[in-house]
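Please read each point with the model open beside the text.

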Amino acid sequence: MISLDDARKAVLDAVPRLDVRSVPIRRASGLVLAERVVAREQVPPFANSAMDGYAVRAADTEDASMSAPVRLRVVGELPAGRAPTRAVSAGEAIRIMTGAPVPEGADAIVMVERTERDGDGVLVHHAAMVGDHVRGAGGDLQAGQPVFEPGTVITPAHVGVLASLGYPEIAVVPRARVGVLATGDELVEGEDPLSPGQIRDANRPMLLALVEEAGCEARDLGIARDDESLIHRTLEDAFASCDAVITSGGVSVGDYDYVKAALDRFGVLQSWQVAIKPAKPFAFGVVRGIPVFGLPGNPVSAHVSFELFARPALLQMMGHAARFRPEIRAVAPEGMTRKPDGKLHLDRVRVDRRDGGYVAARTGSQASNVLSAMALANGLALLADGDGVSEGGEVTVVRLDWPADH
Ligand code: AMP
Ligand code: MG
């Protein structure tokens, strides 16, 4: 058996980063930026009003007060999107809306709430200071200013900034296209009736969802029967359209475990018994630059090994510096005892906040086929080889519901 750390290191050392590509900014959210973004124009492009009100010369309003308002002649109107056609001279004001360019001559905006319309004029009740409610040109970003560095994970706000700078496309590490193949003679698709000995294929829909949750593009490769040549051919086809492939089943020591054999034919197989429970058997290889993750068939094992091996590797392929979920310390009020067996146990637990800290409890049976307990869990408690944790003891829990942070 090899340790989780050694197995994971071997996988991550072997997984390449995808080639940088340009994508429309609209498609870039969640991806890793691969270029340095420099402001190629200033934002905002011109000085504009932050308020609906009147563009004035502050000096004209110096003596304004509630009891003695200053009257200015209104000489025009400026909605957003319109360019000023005349300047504001002494004793004048221009009605202006939020976002409209501040006209020449004006150096302050008086908000409409501090004025009163008076025929062709306006009564200003408060003295304005130079610059009041004026958003300066380049006040957000100056032209030439560095804005984002390569490696940044693009959020919707980044997309907005890129749009405000006029970038139609941006260089990113693309989304990995990840094929998911279920293997097993016993598997039935969807709601088809079950014959004796058959079960429904839970892993493929689950893994497709996990792949998408990791920010990848999922490709459904269907179900392959337990047939080495068929699995080999299906993988061969998948390599034409996928950046990575995930299989479930057929990597154990059973007589029909043909995924291992099929991978062996490509001459790249690494197959391990990892010292963990669940998810002990795991096969891996990189075929022509395309990583293949041979996950075990037991659904909990498939899920957990996706978490431990495939997800960090896929994030790495997509250029993410943070590949691993956060870990927290939690109290186990009911304890989490276990038996020594030479393995690290990853128990499915529910973590909740309590008294400014966290508590964790098992969500049900820890058997590797009991997927319902996986579904109730938001964490994996790490129980080192030994007797586990007694009532009220502390455990480290990997948060399955939090994104990677390291
Ligand atoms: P295997 O790894 O192929 O030996 O499968 C181990 C266990 O997982 C067996 O009980 C299989 O029936 C079950 N299994 C394999 N593939 C799936 C799947 N796609 N969905 C649900 N259970 C599966
Ligand atoms: Mg099988």
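1. In what order do the six strands of the open sheet lie? The model under review is a predicted one. Its open sheet runs in the order β8-β5-β7-β6-β10-β9, and the pairing of the strands is mixed.

2. The edges of this sheet deserve attention. They are formed by β8 (108-111) and β9 (115-118), each of which pairs on one side only. From one strand to the next, the twist averages 40°.

3. β9 pairs with strand β10 (residues 121-124) in the antiparallel sense, over four bridges. Within this pairing, Asp118 has Gly121 of β10 as its bridge partner.

4. A pair of helices may be examined next. Helix α1 (residues 4-14) and helix α6 (residues 299-317) have axes that come within 10 Å and cross at roughly 35°. The crossing is right-handed. On the α1 side, the contact is made by Leu4, Ala7, Arg8, Val11 and Leu12; on the α6 side, it is made by Leu308, Phe309, Pro312, Ala313 and Gln316. By class, the residues of this contact comprise eight nonpolar, one polar and one charged.

5. Which residues lie nearest the centre of the largest pocket? They are Gly249, Gly250, Pro296, Gly297 and Asn298, out of a lining of 31 residues. The volume of this pocket is about 500 Å³. At least two lining residues come from each of β16 (199-200), β20 (276-277) and α6. The lining is made up of eleven nonpolar, twelve polar and eight charged residues.

6. The second largest pocket has a volume of about 270 Å³. It is lined by 18 residues, and those closest to its centre are Gly30, Val153, Ala214, Leu315 and His320. Two or more residues of this lining are given by α3 (203-213) and by α6. The lining divides into nine nonpolar, five polar and four charged residues.

Notes
Residues numbered from 1 in each chain as written. Chains lettered and ligands numbered in written order. Predicted model: local features only at pLDDT ≥ 70, side-chain atom pairs only at ≥ 80, totals over all residues. Heavy atoms only, no water. Axes fitted to C-alpha atoms, helices over the stretch in contact; angles between N-to-C directions. Left-handed = near helix turned anticlockwise from the far one by under 90°. Contact = heavy atoms within 4.5 Å. Nonpolar A, V, L, I, M, F, W, Y, C, P; charged D, E, K, R; others polar. Pairing = 2+ DSSP bridges. 1 Å grid on protein atoms, 1.4 Å probe; cavity = no way out; pocket = protein on both sides within 12 Å on 5 of 7 lines; lining within 4 Å. Points joined across faces, edges and corners; volume = space filled by probe spheres on them.
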